[in-house]
Amino acid sequence: MEIKDFESYLKDKKIDSDAFKKGQPEQWSKFKVLYDQMHPNSFTAQKLFLINPIRRAFPLKEELLEKAVPTAAARPKVMMRPKPKTN
């Protein structure tokens, strides 16, 4: 597994690093220091319950665009049985 920098890690977690850095600079810098000191998997395990609220507060813009375009659900095709012949 390739070890990435903190910004790439946040992108993989679908978090906008710049918005997070501007919105919560102290939290961002604390996370960066911890991330630089440990393996990404260990960081994820340690901060698992903090990542989701941050993701909701600072989502990647690409993620917002994907959610804005709704896709039509496929509808099943109804097949009718032919009527039996009556003599």
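Are Tyr 9 and Tyr 35 buried or exposed?

1. Tyr 9 is buried, as is Tyr 35; buried denotes under 20% relative accessible area, exposed over 50%, and partly exposed the range in between, with a 1.4 Å probe and protein chains only. The model is predicted, with local features requiring pLDDT of at least 70, side-chain atom pairs pLDDT 80 or more, and totals for chains, interfaces and linings using all residues. Residues are numbered from 1 along each chain as its sequence is written, and side-chain values use heavy atoms, leaving out hydrogens and water.

2. Nine aromatic pairs are found in the whole structure. Rings of Phe, Tyr and Trp (its six-membered ring) pair if their centres lie within 6.5 Å; planes under 30 degrees apart are stacked, over 60 edge-to-face, and the rest tilted. Phe 6 and Phe 43 are edge-to-face, because their planes stand at 85 degrees, with the ring centres 6.2 Å apart. This pair joins helix α1 (residues 6-12) to helix α4 (residues 40-46), its members being 37 residues apart. Phe 6 has a relative accessible area of 1%, and for Phe 43 the value is 1%.

3. Tyr 9 and Tyr 35 form a tilted pair, 4.9 Å centre to centre with 40 degrees between the planes. Tyr 9 belongs to helix α1 and Tyr 35 to helix α3 (residues 25-37), 26 residues apart. Helices are DSSP runs (H or I, at least four residues), numbered from the N terminus.

4. The largest nonpolar core has twelve residues, among them Leu 10, Ile 51 and Phe 58. Such a core comprises buried Ala, Val, Leu, Ile, Met, Phe, Trp, Tyr and Cys residues joined through side-chain atoms within 4.5 Å. Helices α1, α3 and α5 (48-57) each give two or more residues to this core.
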